[in-house]
Amino acid sequence: MDKIYIEGLEVQSLIGVYDWERDATQRLLVDIVLFSDLQKPAYSDDVADTLNYAEVAEAVAQVAKQSKFALIEALAQAMITHVFETFPVQKITLKLSKPDILADAQNVAVEFTRERKDT
């Protein structure tokens, strides 16, 4: 299976369980590995034949922007669900990072790997 990587995608989201986290959006970072068959675009050199990573990035950013989740786990799953509903991806690994949340840590993150259930 072929892979497309989107790394360090910065998105904004209202996320968190504490009252002070609900006052303003926060910066989140998303790393995505999209598993898809890329043989056709590899030979055709036609963007219409491939998984458009710019569209995937925009879709994930929109899910984050519209989110009102408390937990990054729930937001990560919503992002994955939306990608599966919108794009021809067989499998996805998504890491969602909340880098500015702990003063003594560089990052806090969750990472999920999910496979399409309808294949």
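User: To start with Ser13: is this residue buried or exposed?
Analyst: Ser13 is buried, and its relative accessible area is 0%. Buried means under 20% relative accessible area, exposed means over 50%, and partly exposed lies in between (1.4 Å probe, protein chains only). The model is predicted, so local features need pLDDT of at least 70 and side-chain atom pairs count only at pLDDT 80 or more, whereas totals for chains, interfaces and linings use all residues. Residues are numbered from 1 along each chain as its sequence is written, and side-chain values use heavy atoms, with hydrogens and water left out.

User: Which element holds Ser13, and what does its side chain reach?
Analyst: Ser13 belongs to strand E1. Its side chain reaches the backbone oxygen of Ala64 at 2.8 Å. Helices (H or I, at least four residues) and strands (E, at least two) are DSSP runs, numbered from the N terminus.

User: Which other residues is Ser13 in contact with?
Analyst: With neighbours within four places in sequence left aside, Ser13 is in contact with Thr25, Gln26, Leu28, Ala64, Ser67 and Leu75. Contact means heavy atoms within 4.5 Å.

User: Stepping back, how many helices and strands are there, and in what pattern?
Analyst: The protein chain has three helices and four strands. Along the sequence they follow the pattern β-β-α-α-α-β-β.

User: What does the C-alpha trace span, and what percentage of the residues is buried?
Analyst: The C-alpha trace spans about 50 × 25 × 20 Å along its principal axes. Of the 119 residues in the protein chain, 39% are buried. Among contacts with a separation of 6 or more, 60% join residues 24 or more positions apart.

User: Now the largest nonpolar core: which residues touch the most other members?
Analyst: The core has 31 residues, and those touching the most other members are Val30, Leu34, Met79, Ile92, Leu94 and Leu96. At least two core residues come from each of strand E1 (2-13), strand E2 (26-36), H2, helix H3 (72-86), strand E3 (91-97) and strand E4 (109-115). A nonpolar core is a set of buried Ala, Val, Leu, Ile, Met, Phe, Trp, Tyr and Cys residues joined through side-chain atoms within 4.5 Å.

User: Which element gives the most to this core?
Analyst: H3 does, with seven residues.

User: Why does Arg114 count as partly exposed?
Analyst: Arg114 is partly exposed because its relative accessible area is 32%.

User: What about Thr93, buried or exposed?
Analyst: Thr93, in strand E3, counts as buried because its relative accessibility is 14%. The side chain of Thr93 makes a polar contact with the side chain of Thr113 at 2.9 Å.

User: Changing topic, which residues are closest to the centre of the largest pocket?
Analyst: The largest pocket holds about 160 Å³ of space. Of its 14 lining residues, Ala70, Leu71, Ile72, Glu73 and Lys98 are the closest to the centre. A pocket, found on a 1 Å grid over the protein atoms alone, is an open set of points where a 1.4 Å probe fits, with protein on both sides within 12 Å along at least five of seven lines; lining residues have an atom within 4 Å of a point. Grid points are joined across faces, edges and corners, and the volume is the space filled by probe spheres set on them.

User: What classes of residue make up that lining?
Analyst: The lining has ten nonpolar, one polar and three charged residues. Ala, Val, Leu, Ile, Met, Phe, Trp, Tyr, Cys and Pro count as nonpolar, Asp, Glu, Lys and Arg as charged, and the others, Gly among them, as polar.

User: Last one: what is the phi of Asp45?
Analyst: Phi of Asp45 is near 60°, a positive value in a residue other than glycine. Most residues other than glycine have a negative phi. Asp45 lies in the loop between helix H1 (39-44) and helix H2 (53-66), and it counts as exposed because its relative accessibility is 73%.

Methods. A polar contact is a pair of N or O atoms within 3.5 Å; within protein, one must be able to donate a hydrogen and the other to accept it, and residues adjacent in sequence count only if both atoms are side-chain atoms.
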